[in-house]
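Let's walk through this fold together, one piece at a time.

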Amino acid sequence: MFEYCFLDRFQSLLSSSNKQFGFKKGISCSNAIYTVRNITDRYIARGSTVNLCIIDLSKAFDKVNHNALYIKLMKRQFPVQLLDMVIALFSNCSTCIKWDNIFSEVFEISFGVRQGSVLSPILFALYIDDIGKSCFVNCGHDIILYADDIVLIAPSVTKLEKMLHMCENELRYIDMSINYKKSCSMRIDPRCNAKCANIVSLSGQCISWVTELRYLGIFLTCSRIFTCSTDSAKRSFYRSANAIFGKVGRIASEETVLELIKTKCILALMFGMEACTLKKRYINSLHFVVNRLFIKLLKTSDINTTH
């Protein structure tokens, strides 16, 4: 309750840059995906190549350095009285581990933000807010953040690598690191299949080029334009539908099963699709998936019955 009141009274002091889409009212993953799509379309319209780099942070929320967080707040001229409250929230935190009804010794937690806390996601957004500074845009770069999901966009491989180095320096300053094995890069333009030099980090690790990458629950594919794959969405749809049929398919009414499919399966199938450009064959494949489900639900082989 205290954190809700704190956030309500001092929301203006806790705002992050417009490059950060996470933890903001009325903004979802679709907004971030749509922004990446618009930037990509703008580059391609100018005849430029689009190079994307998805950065994965290692245990982002669990590795927040409290002292670095306090420094970030002080640089924002956070009032001393409010800063003392934040420090009190994260001071003297301790926990223990339960294993088979046996408890370990209590130990202190000196890093990370608490799960389930109202302020934790907001403070994390402020913690990494400097990564989304406008200096990237002024240099011909773009960066989009959604919580700890970071995508770098640049018209050339050289600029993308420089941008990665800038992010590495900022992340090192706040005591965070990149998981290079889970980070990847991809090209979108008519020359997307051209072989490129590897992007090398400051520590000498290479970020691999891929033909498909996952971003906020959707899968982007290496192609001439911004395109997302529907294969993963269809698998999620089938998995959810089969789970429903396996539990209540034979005992519940058709109306009940249909409502469950509408609230669970359709959302999984269409997640993020409103922000993407779908080719006609992808749209037809989505229609096929839904029609097949209705054929199974209505126990008919006539496709016209499902329309």
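Start at Gln77, which sits in the loop between helix H3 (66-75) and helix H4 (80-90). Helices (H or I, at least four residues) and strands (E, at least two) are DSSP runs here, numbered from the N terminus. Before going further, note that this is a predicted model: local features need pLDDT of at least 70, side-chain atom pairs count only at pLDDT 80 or more, and totals for chains, interfaces and linings use all residues. Residues are numbered from 1 along each chain as its sequence is written, and side-chain values use heavy atoms, with hydrogens and water left out.

What makes Gln77 worth a look is its backbone: phi is near 60°, a positive value in a residue other than glycine. Most residues other than glycine have a negative phi. Gln77 is also exposed, with a relative accessible area of 70%. As for the cut-offs, buried means under 20% relative accessible area, exposed over 50%, and partly exposed in between (1.4 Å probe, protein chains only).

Now hop over to Ala147, in the loop between S6 and S7. Ala147 isn't a glycine either, yet it has a positive phi of about 60°. Is Ala147 buried or exposed? At 7% relative accessibility, Ala147 counts as buried.

Four strands make up an open sheet, ordered S6-S7-S1-S8, with antiparallel pairing. Two strands count as paired if DSSP finds at least two bridges between them. In general, strands of a sheet pair through backbone hydrogen bonds, either parallel or antiparallel. At the edges you'll find strand S6 (142-146) and strand S8 (184-188), each pairing on one side only. On average, neighbouring strands of this sheet are turned by 20° against each other, direction ignored. For such angles, axes are lines fitted to C-alpha atoms (for helices over the stretch in contact), and values run from 0 to 180 degrees between N-to-C directions.

Zoom in on S1. Strand S1 (residues 50-56) is joined by six bridges to strand S7 (residues 149-154), and the two run antiparallel. With S8, S1 pairs in the antiparallel sense over five bridges. Asn51 shows both sides of this: its bridge partner in S7 is Ala154, and in S8 it stands opposite Arg187. Cys53, for its part, stands opposite Leu152 in S7. Why is S1 largely enclosed by the rest of the structure? Because six of the seven residues of S1 are buried.

Next come the helices against this sheet. Helix H2 (residues 29-45) packs on the sheet and touches S1, S6, S7 and S8, and its direction makes about 165° with that of S6. Helix H7 (residues 157-173) lies across S1, S6, S7 and S8 as well, running at about 145° to S7. Contact, by the way, means heavy atoms within 4.5 Å.

There's another sheet to find. Three strands form an open sheet in the order S11-S12-S13, again with antiparallel pairing. Its edge strands are strand S11 (212-215) and strand S13 (227-229), each of which pairs on one side only. Here, neighbouring strands are turned by 45° against each other on average, direction ignored. S11 and strand S12 (residues 218-221) pair over four bridges in the antiparallel sense, and Tyr215 has Ile218 as its bridge partner in S12.

One more loop is worth a stop. Ile97 lies between strand S2 (94-95) and strand S3 (98-99), and at 49% relative accessibility it counts as partly exposed. Leaving out residues up to four places away in sequence, Ile97 touches Ile102, Phe103, Ser104 and Phe107. Ile87 is ten residues from Ile97 along the chain, and their C-alpha atoms are separated by 24 Å.

Finally, zoom out. The chain has ten helices and 13 strands, and its C-alpha atoms fill a box of roughly 70 × 55 × 40 Å, taken along the principal axes. Of the 307 residues, 44% are buried. Among contacts with a separation of 6 or more, 70% are between residues 24 or more positions apart.
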